[in-house]
Amino acid sequence: MTKKVKNIAVLTSGGDAPGMNAAIRAVVRACSYYQIHCFGVYKGYEGLIHNEMEELNARSVRNIINKGGTFLKSARSKEFRTEEGRKKAYDNLVKNNIDALIVIGGDGSFTGALKLSEEFDFPVVGIPGTIDNDINGTDYTIGYDTALNTVVEAIDKIRDTASSHNRLFLIEVMGRDAGDIALNAGIGAGAEEILIPEEDMGVDRLIESLKKSKKTGKTSSIIVVAEGDKSGKNIFELGEYVEEHLEDYEVRVSVLGHIQRGGAPSCYDRVLASKLGVGAVETLLEGKSEVMIGIVHKTVTIVPLTTALGKRTHKHDRLIKVADITSV
């Protein structure tokens with residue numbers, strides 16, 4: 001990329017995550033700091049296709065750092081998955097004299113950004129925004145910390161009921177094919193068992209573990225289940241199976257659902273989003289493209305989008321051992 005960047009567009013795509021507004025704010029204000037123009041694209045790639053964008057300035061993003069969701073809105077775009085759709089998006093970028101694009105989202109959003117860049121030689125930079133924390137090349141994604149706190153708070157409240165009625169609660173949390181939310185929230189909330197996609201515990205082993213817990217005097221239990229768990233049963237089927245094999249327990253199922261995506265972002269997510277937003281603008285000004293701005297060992301890093309879209313290298317072995325030890 002050799003063309004001088006004068007106009008940058010920013011959009012949010014895919015599922016919303018707390019801290020996206022903070023990232024948008026950082027991008028807009030970094031552009032203002034470096035005296036370049038910033039344009040906000042509404043409704044993700046769908047807005048790019050339909051030319052729904054407007055110029056933003058430092059005052060346009062006041063009082064949004066503490067807001068959940070994304071004021072630019074987000075949407076899935078089937079049309080952008082086609083060459084014709086991406087051509088429309090590119091034509092609108094050219095029409096508005098946009099020199100580069102910043103995409104805040106997850107792996108689906110990054111896949112679209114990479115295709116756009118490869119097909120039209122257009123500069124793009126990604127910022128990881130997803131509560132699932134399932135992007136390779138970064139220790140944390142924007143929204144993950146807030147979601148964890150939301151889940152732990154919910155489990156704490158459910159435990160009060162579990163203890164009052166001697167019940168066993170199965171609580172499903174988000175995360176797709178990553179167990180980060182389930183594992184960390186499970187440890188933080190003192191869950192007796194945690195089921196994650198990365199380790200197939202198996203229903204029989206789960207039953208045996210719960211029987212042992214019962215013998216040690218536990219009268220209530222919390223089991224945290226990641227939505228991508230490989231047990232082969234959905235959360236309600238799993239609840240029925242446990243109740244059939246553990247007559248002493250009264251089983252209840254709770255699916256936390258989209259409550260995990262909402263709410264004001266934590267301080268950590270606000271700071272992380274600010275770091276990555278500024279880093280994205282500076283990276284484009286340095287002439288780099290097709291990269292993601294991430295955080296590794298507390299340091300802002302730059303990795304190729306192809307790396308970000310690759311298989312995750314996160315290891316859960318130590319945390320799994322910690323969960324096993326602390327749940328006895």
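Begin in helix H5, where lysine 157 and glutamate 153 stand four residues apart, a separation of about one helical turn. The model on display is a predicted one. Select the two side chains: they meet in a salt bridge, with 3.5 Å from N to O. Lysine 157 counts as exposed, at 54% relative accessibility, whereas glutamate 153 is partly exposed, with a relative accessible area of 45%. Side chains of opposite charge can pair when their charged atoms come close. The structure holds 17 salt bridges, and the next stops visit others.

**Second stop: arginine 176 and aspartate 132**

Select arginine 176 together with aspartate 132. These residues form a salt bridge whose closest N and O atoms are 3.5 Å apart. Which parts of the chain does this pair tie together? Arginine 176 belongs to the loop between strand E6 (167–173) and helix H6 (180–188), and aspartate 132 to the loop between strand E5 (124–128) and helix H5 (144–165), so the pair ties together parts that are 44 residues apart in sequence. Colouring by accessibility would show arginine 176 as partly exposed, with a relative accessible area of 36%, and aspartate 132 as buried, at 9%.

Asp107, Asp132, Asp134 and Arg176 are linked in a network of salt bridges.

The unreviewed UniProt entry carries the annotation "binding site" for Asp107. Is aspartate 107 buried or partly exposed? At 29% relative accessibility, aspartate 107 counts as partly exposed. Show its surroundings next: when neighbours within four places in sequence are left aside, aspartate 107 is in contact with Ile135, Arg176 and Leu309.

Select asparagine 133, which is found in the loop between E5 and H5. Its phi is near 55°, a positive value in a residue other than glycine. Most residues other than glycine have a negative phi. Asparagine 133 is buried, with a relative accessible area of 2%.

Then move to asparagine 63, in the loop between strand E3 (53–56) and helix H3 (83–95). Asparagine 63 also has a positive phi, of about 60°, although it is not a glycine. Asparagine 63 counts as exposed, at 60% relative accessibility.

Select glutamate 198 and arginine 312, which form a salt bridge with the closest N and O atoms 3.2 Å apart. Glutamate 198 is placed in the loop between strand E7 (193–195) and helix H7 (203–215), and arginine 312 in the loop between helix H10 (305–308) and helix H11 (317–326), so this pair ties together parts that are 114 residues apart in sequence. Glutamate 198 counts as partly exposed, at 36% relative accessibility, while arginine 312 is buried, with a relative accessible area of 18%.

Select alanine 191, in the loop between H6 and E7. Alanine 191 is buried, with a relative accessible area of 8%. Which residues are in contact with alanine 191, leaving aside its neighbours within four places in sequence? They are Arg159, Gly186, Ile222, Val224 and Ser327.

Select helix H9 (residues 267–285) and look along its length. At 1.5 Å a residue, its 19 residues should span 27 Å, and the end C-alpha atoms are 28 Å apart, which agrees. Among the buried residues of H9 are Asp269, Leu272, Leu276, Val281 and Leu284. After H9 comes glycine 287, which has a positive phi near 90°.

**Last stop: a surface patch**

Finish with Tyr33, Tyr34 and Leu285, which form a nonpolar patch on the surface. Together these three residues have about 330 Å² of accessible area. Tyrosine 34 sits in the loop between helix H1 (20–33) and strand E2 (37–41). Tyrosine 34 is partly exposed, with a relative accessible area of 35%.

Definitions and conventions: Residues numbered from 1 in each chain as written. Predicted model: local features only at pLDDT ≥ 70, side-chain atom pairs only at ≥ 80, totals over all residues. Heavy atoms only, no water. Patch = residues over 30% accessible without salt bridge, like charges linked within 9 Å, V, L, I, M, F, W, Y side chains within 5 Å. Areas by Shrake-Rupley, 256 points an atom, 1.4 Å probe, with all protein chains shown as cover. Salt bridge = Lys/Arg side-chain N within 4 Å of Asp/Glu carboxyl O. Helix = DSSP H or I, 4+ residues; strand = E, 2+ residues; numbered from the N terminus. Buried < 20%, exposed > 50% of the residue type's maximum accessible area, 1.4 Å probe, protein only. UniProt positions renumbered as here; feature names shortened; annotations may be inferred. Contact = heavy atoms within 4.5 Å. Expected span 1.5 Å × (residues − 1).
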